[in-house]
Amino acid sequence: MIVLNGGSSSGKSGIAQCLQAVLPEPWLAFGVDTLVDAMPASMRASDAGIEFAPDGEVIVGPEFRTLETAWIEGVATMARAGARVIVDEVFLGGAESQRRWQKALDGVEVLWVGVRCESEVAAAREVARGDRITGMAASQADVVHRGVFYDLEVDTTRSESMECARIIADRVE
């Protein structure tokens, strides 16, 4: 299993797609966006679910946490069943977020990868994408890495996704 952690617009999804292209075996890729998109729309505008503030802050409530825990356990079960899995995550809680994954992945071989990107570059990507709330990239750029342990870190500020994927793939093979 490979867990990619980084802020919004840092390049995680692009790296995950490139990893699927360069790794010799088939790998499934899931992102926290997969979870959010699977939730009913009512949970994306609820104190109990997940809220996206106008300044880009992301606020999660108890119902989101319940579903997130089930999702994490489900992904871990797939990995235990033999699926190779890449997870594109945003550890909003820093080290606490990583601990939730570590608990679920106990006994699973995991490569923890930090995906960094300078805040200004991620913010420019965010604007270019047009599908993110302005400010999300800047607010997440550093907080998602606080207290998090990595086996490897890549920086997409000046490196393309494929270059980062090759660095990660060299650690997997």
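Author: A residue is buried if its relative accessible area is under 20%, exposed if over 50% and partly exposed in between (1.4 Å probe, protein chains only). The model is predicted, so local features need pLDDT of at least 70 and side-chain atom pairs count only at pLDDT 80 or more, while totals for chains, interfaces and linings use all residues. Residues are numbered from 1 along each chain as its sequence is written, and side-chain values use heavy atoms, with hydrogens and water left out.

Reader: How many aromatic pairs does a search of the whole structure find?
Author: Two rings of Phe, Tyr or Trp (its six-membered ring) pair if their centres lie within 6.5 Å, and the planes count as stacked under 30 degrees, edge-to-face over 60 and tilted for the rest. When the whole structure is searched on that basis, the number of aromatic pairs is 2.

Reader: Which helices hold Trp71 and Trp101?
Author: Trp71 and Trp101 form an edge-to-face pair, with 5.7 Å from centre to centre and 85° between the planes. Helices (H or I, at least four residues) and strands (E, at least two) are DSSP runs, numbered from the N terminus. The pair links distant parts of the chain, 30 residues apart, since Trp71 belongs to residues 62–80 and Trp101 to residues 95–104, which are helices α3 and α4.

Reader: Which strand holds Trp112?
Author: Trp112 forms a tilted aromatic pair with Phe91, 6.5 Å centre to centre and with 55° between the planes. Here too distant parts of the chain are linked, 21 residues apart: Phe91 sits in the loop between β5 (85–89) and α4, whereas Trp112 is in residues 111–116, strand β6.

Reader: Why does Phe91 count as buried?
Author: Trp112, the other member of this pair, counts as buried at 7% relative accessibility. Phe91 is buried because its relative accessible area is 1%.

Reader: Which residues of α4 make the contact with α3?
Author: Axes are lines fitted to C-alpha atoms, for helices over the stretch in contact, with angles from 0 to 180 degrees between N-to-C directions, and those of α3 and α4 come within 9 Å and cross at roughly 45°. Contact means heavy atoms within 4.5 Å. On the α3 side the contact is made by Arg65, Glu68, Trp71, Ile72, Glu73, Val75, Ala76 and Arg80, and on the α4 side by Arg100, Trp101 and Ala104.

Reader: How far apart in space are Thr34 and Glu68?
Author: Thr34 lies in helix α2 (residues 32–38) and is partly exposed, with a relative accessible area of 37%. Although 34 residues separate Thr34 from Glu68 in sequence, their distance in space, C-alpha to C-alpha, is 11 Å.

Reader: Which residues in α1 meet α7?
Author: Helix α1 (residues 12–22) packs with helix α7 (residues 161–172) at an angle of about 60°, their axes being 8 Å apart. In α7 the residues met are Ser161, Met162, Cys164, Ala165, Arg166, Ile168 and Ala169, and those meeting them in α1 are Gly14, Ile15, Cys18, Leu19 and Val22.

Reader: Which residues does Ser139 touch, not counting residues up to four places away in sequence?
Author: Ser139 is placed in helix α6 (residues 136–140) and is partly exposed, with a relative accessible area of 36%. The C-alpha atom of Ser139 is separated by 8.8 Å from that of Ser8, 131 residues apart along the chain. With residues up to four places away in sequence not counted, Ser139 touches Gly56 and Glu57.
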